[in-house]
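Please open the structure in the viewer and keep the selection tool at hand.

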Amino acid sequence: MTIDQVAELAYVSRSVVSRVLNDHPNVSDEARERVLKVIEEHDYRPNSVARSLATDRSFEISILTPRRSEGSPNHGHWPLHESLANGYWPLLYSGIFDQCLERGYFVSLSIVSAEMEDKINARAGDKRFDGYVLITQEVTDFVGSTLQERGAPTILIGASSDRDAFRSIDIDNVAGGYKAGAHLCELGYRDIGAILGTADLEETQDRRRGLERALDEAGGTIAEAHVGHGDYSQGSGYEIVHDWAASGPLPEALFCASDTMAAGALLALHETGHRVPDDVAVVGFDGLPSSRYTIPPLTTVRQPVYDKGKAAVDMLVDEIEESSSPPVHRELEPELVVRESCGAARD
């Protein structure tokens, strides 16, 4: 059965059937009821081509995620895309994919980098895609202006430096950093190091700002000698702690801006003879399922990664289907998950 046959049996136009299929409000109750009755009686399922022709949309969304690599074949193992190997990303992608399926959209996932800027910008706004999900500010920096120029529905997952350009969704990174710092200070730690993400990212600055606010309130400090910037991989956390251990005493507590960097830090602390939490307490960020299986189990700031992916799709599809609505920005609240890596309260 075709959409035209549904229209004929329901005594409505093809466009009315299209509006019913897409749950558009501009349909009379009587016409909607007739269309739904025909659909149910004939078990009609619109194929993607017919659906696209009826709505002038492809029902496909492009996801652009940053390309980061961990490892090298020169060191005995092949490089991994951090955006696939890091446990954060599968959770985020699962939320995106599940909600796209729920909303009736296909997904195209591309791993991109600044080196590909010309090629990506040449294809940005391609009519093959109804909308774009940009993951992190890194991607926005080299493709965002092109998408904005072409008026392509777009949402950013991550901190947004330009609130007038796109919809965006993220967590309250300042609150997350603050909760980690306040917890460490409550336990009596005052000399606290930090392994952060890339320095120029807004989320990095926000997490540090929240951490420093908590330390300022409690009389604690971050020594610049113990501030490192990694790439959210286990390897970067591992290397930073090894370098610190080789050059002198370590701080009594360590804030890591991701659970993956914290996992690398834990291994480096073990290899350099530092006990956790007796010698160095560690707190992570993200709340990945793997964080409860580290040794010791990792205290972490949990963000709702899966729900963030789902919410991003809902916001994007709403823009695609209601293009007149202005940009919306949402921040989800992180929560502290207390485990053994920070130890008990001190005297």
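Is the crossing of H6 and H13 left-handed or right-handed? The crossing is right-handed, a term used when the near helix is turned clockwise from the far one by less than a right angle, anticlockwise being left-handed. The model is a predicted one, in which local features need pLDDT of at least 70 and side-chain atom pairs count only at pLDDT 80 or more, whereas totals for chains, interfaces and linings use all residues. Residues are numbered from 1 along each chain as its sequence is written, and side-chain values use heavy atoms, with hydrogens and water left out.

**The helix pair.** Select H6 (residues 88–103) and H13 (residues 305–321). Helices here are DSSP runs of H or I with at least four residues, and strands are runs of E with at least two, numbered from the N terminus. The axes of H6 and H13 come within 7 Å and cross at roughly 40 degrees; axes are lines fitted to C-alpha atoms, for helices over the stretch in contact, and angles run from 0 to 180 degrees between N-to-C directions. The two helices are therefore oblique to each other, since angles under 35 degrees count as roughly parallel, over 145 as roughly antiparallel and 65 to 115 as roughly perpendicular, the rest being oblique. Among the H6 residues that meet H13 are Leu92, Ile96 and Arg103. Contact means heavy atoms within 4.5 Å.

**The core.** Next, select Ile96, which touches Ile63, Val133, Ile135, Ile157, Gly309, Lys310 and Val313, not counting residues up to four places away in sequence. Ile96 is also one of the residues touching the most other members in the largest nonpolar core, which has 64 residues. Such a core is a set of buried (under 20% relative accessible area, 1.4 Å probe, protein chains only) Ala, Val, Leu, Ile, Met, Phe, Trp, Tyr and Cys residues joined through side-chain atoms within 4.5 Å. The largest share of this core, 8 residues, comes from H13. A second, separate core of 15 residues includes Phe129 and Phe166.

**The sheet.** Now display the open sheet of 6 strands, ordered S4-S1-S5-S6-S7-S13 with parallel pairing; two strands pair if DSSP finds at least two bridges between them. S4 (106–112) and S13 (329–332) stand at the edges with a single partner strand each, so one side of each lacks a neighbour in the sheet. At S4, 7 bridges join it to S1 (residues 60–66), and Glu60 stands opposite Phe106. Finally, return to H13, which lies across S1, S5, S6, S7 and S13 and runs at about 165 degrees to S7.

Methods: Buried means under 20% relative accessible area, exposed over 50%, partly exposed in between (1.4 Å probe, protein chains only).
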